[in-house]
Amino acid sequence: MASPRPLASLADRIEELLAPGGPLPVVAAGDPVLRSGTSRYEGQLEPALLARFVDALRVTMHAAPGVGLAAPQVGVGLRIAVIEDPAPVPEEVRLARGRVPQPFRVLVNPSYEPAGSARAAFFEGCLSVPGYQAVVARHAEVRLTGEDEHGRPLDEVFGGWPARIVQHETDHLDGLLYLDRAEPRSLCANQTLLERWTQPTAQEAAKALGFELP
Ligand code: ZN
């Protein structure tokens, strides 16, 4: 029987996580940290440590590469996420999906509500579910509230692909994965997606694989 060890504080655990430098390991589906929800960020980290943690999230997101990363994906149960999308896509894809560039942002304690009743359904993937993508019908526009990394209030309406990104990342903070909201019959290996379903919309895939679009 192991002798009891005192629990390390959250700050100590994050110091340990950041110590090697460079991108952090990304936690994969099956780890309970992705299903446990998160604690609101209420100053648990000193400002300098918060800044280093946010920077590590950004470095990890770039290295993946991805367009968003939530703290639970690096094993930290805090309500913090980062987003950034240079949107390097062809014009027809940009138009169909609203995939416009999204500058780097830190989302602290975010939550969203629909802005209007429109839905948009496209393939999306997740760094914590490597190798696959699936179609998710999401709110076309959402109002996101919360704070930034300096505690300044955030209250903004997101549309297009950025709306999808903020819903996906905020869902992570609530212990949800995109698969929970996906059309099961749309599940696609990355290689198959590349070979067959790179059209700007998911209509052909829906017809061939047998799932509904909104
Ligand atoms: Zn994800």
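How far is the sulfur of Cys-188 from the closest cysteine sulfur? The sulfur of Cys-188 lies 16 Å from that of Cys-126, too far for a bond. A disulfide is a pair of cysteine sulfur atoms within 2.5 Å, and by this rule the count comes to zero. Cys-188 itself is buried, at 4% relative accessibility; buried means under 20% relative accessible area, with a 1.4 Å probe and protein chains only.

Before going on, please keep in mind that this is a predicted model, in which local features need pLDDT of at least 70 and side-chain atom pairs count only at pLDDT 80 or more, while totals for chains, interfaces and linings use all residues. Residues are numbered from 1 along each chain as its sequence is written, and side-chain values use heavy atoms, leaving out hydrogens and water.

Now turn to the zinc ion. Its protein donors are Cys-126 (SG), His-168 (NE2) and His-172 (NE2), at 2.0 to 2.3 Å. Donors are N, O and S atoms within 2.8 Å of the metal (3.2 Å for Na, K and Ca); water is not among the atoms, so sites may look incomplete. Along the chain, the spacing reads C-x41-H-x3-H. Cys-126 sits in the loop between β4 (119-124) and β5 (132-139) and His-168 in helix α4 (residues 160-173), so the pair ties together parts 42 residues apart in sequence. Helices (H or I, at least four residues) and strands (E, at least two) are DSSP runs, numbered from the N terminus. Cys-126 is buried at 9%, and His-168 is buried at 8%.

Helix α4 also holds Thr-170, which is buried with a relative accessible area of 1%.

Technical notes:
Buried means under 20% relative accessible area, exposed over 50%, partly exposed in between (1.4 Å probe, protein chains only).
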